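Colleague: I'd like to go through this model with you, a few strands at a time. Could you put it up on the screen?

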Amino acid sequence: METFQADETDAGRRFDVVVSRRIGRLSRARVQSLIESGHIRLNSEEVRVRQRVQAGDWITVIEPEPQPVEIIPQSIALPILYEDLYLVVINKPAGLTVHPGAGRSDGTLVNALLYHCSSLSGIGGELRPGVVHRLDKETSGCLVVAKDDLTHQGLSRQFASRKVEKYYLALCQGKFSTRQGEIVAPIGRHPVHRKKMAVVKRGRSACTRFEVLQEIGDFSLVLCRLFSGRTHQIRVHMQHAGHPIVGDKLYGRHACQFQRHMLHAWRLGFTHPVTEKWFEFEAEMPQEFVALGVDADELADTRNRISH
């Protein structure tokens, strides 16, 4: 159980926003779920997600015990980049959904992990055991999974405090007017199309730093570094910049010949929660990128420049 008192910086903010900001390991979605189940209270009373907080309010958070995992383990091939007693790092294939959800109970990364691992963290709930962060179904690349709760909490704190280094390769439409730059634009739910995110005035702060590495015909290979972890962040920011990701049917051009959007979580760096050593991992360039003319060997200089 955790209890804290709202201060002047919290006054006037939505209840779920305040809790997720003050307790960094809890995502906003997780906070909303806990509010709806009555596990988070305001001044010892039940509260609504959108209720506004006042300075001096007392907030109590009681996280329920992790629920037993009942998802069916499945033998699905997993490209493993690293594994020890505490965590596993996967090169997630494009097309593989991370966890079960509405209308889908099998064929996911979680089903495969339950088959491969003897145990997974239960903090994510019964549908997301071990899942510390997510990648879109069509996005390939580095993804870390926790095997126990303490490792999960340690990784979540690093993600929340932006100590995890995340580099993506994005193949974008068109040629950029500048070789590098930074997109700082808040992201929130699209006001009309609720399945989409968008740059909106009242969205959550989001920052993406980009660098053009190669120009391939009408496309540009762009290195993106995330300094926040908003839903669909790179896809939304690239669209906002006028260079949507190639093959992105949600944020790009509707008529395209690609089976997936061309976004790859290339490198991931973090401090191991148990050994406290800095780890860096790299997911091999997908064949879809190579087939379009991306030269993987030319990434050597970039790799050396960003490595610790």
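Modeller: Here it is, and keep in mind that this is a predicted model. Let's start with β2 and β3 (residues 58-61), which run antiparallel and are joined by 3 bridges.

Colleague: Okay, which residue does Leu42 stand opposite in β3?

Modeller: Leu42 belongs to this pairing of β2 with β3, where the two strands run antiparallel. Look across to β3, and the residue opposite Leu42 is Ile59.

Colleague: And which strands stand at the edges of that sheet?

Modeller: The sheet is open and has 3 strands, in the order β1-β3-β2, with antiparallel pairing. The twist from one strand to the next averages 15 degrees. A strand at the edge has a single partner, so one side is left without a neighbour in the sheet, and that goes for β1 (2-5) and β2 (40-42).

Colleague: Let's move on to β4 and β5. How many residues lie between them in the hairpin?

Modeller: β4 and β5 pair in the antiparallel sense, over 3 bridges. Within that pairing, Tyr82 stands opposite Val89 in β5. Tyr86 sits in the loop between β4 (80-83) and β5 (87-92). As for the count between the two strands of the hairpin, it's 3 residues.

Colleague: Is Tyr86 buried, partly exposed or exposed?

Modeller: Buried would need under 20% relative accessible area, and exposed would need over 50%. Tyr86 comes out at 30%, so it counts as partly exposed.

Colleague: Which residues form the nonpolar patch with Tyr86 on the surface?

Modeller: The patch has about 290 Å² of accessible area in total. Besides Tyr86, its members are Leu85 and Val274.

Colleague: How many residues of β5 are buried?

Modeller: Check both faces of the strand. On one side, Leu87, Val89 and Asn91 are buried, and on the other, Val88, Ile90 and Lys92 are buried too. That makes β5 largely enclosed by the rest of the structure, because the buried count is 6 of the 6 residues.

Colleague: What is the bridge partner of Lys92 in β6?

Modeller: β5 and β6 (residues 140-146) run antiparallel, with 6 bridges joining them. In β6, the partner of Lys92 is Gly141.

Colleague: Last one: which strands are included in what covers the buried residues of helix α3?

Modeller: α3 (residues 109-116) is largely enclosed, because 6 of its 8 residues are buried. Among them are Leu109, Val110 and Leu113. The cover over the buried residues of α3 includes β5 and β6.

Terms used: Residues are numbered from 1 along each chain as its sequence is written. This is a predicted model: local features need pLDDT of at least 70, side-chain atom pairs count only at pLDDT 80 or more; totals for chains, interfaces and linings use all residues. Side-chain values use heavy atoms; hydrogens and water are left out. Patches are made of residues with over 30% relative accessible area and no salt bridge: like charges are joined within 9 Å, nonpolar side chains (Val, Leu, Ile, Met, Phe, Trp, Tyr) within 5 Å. Accessible areas come from the Shrake-Rupley method with a 1.4 Å probe; for residues, only the protein chains shown count as cover. A salt bridge is a side-chain nitrogen of Lys or Arg within 4 Å of a carboxyl oxygen of Asp or Glu. Helices (H or I, at least four residues) and strands (E, at least two) are DSSP runs, numbered from the N terminus. Buried means under 20% relative accessible area, exposed over 50%, partly exposed in between (1.4 Å probe, protein chains only). Two strands pair if DSSP finds at least two bridges between them. Axes are lines fitted to C-alpha atoms, for helices over the stretch in contact, and angles run from 0 to 180 degrees between N-to-C directions. Contact means heavy atoms within 4.5 Å.
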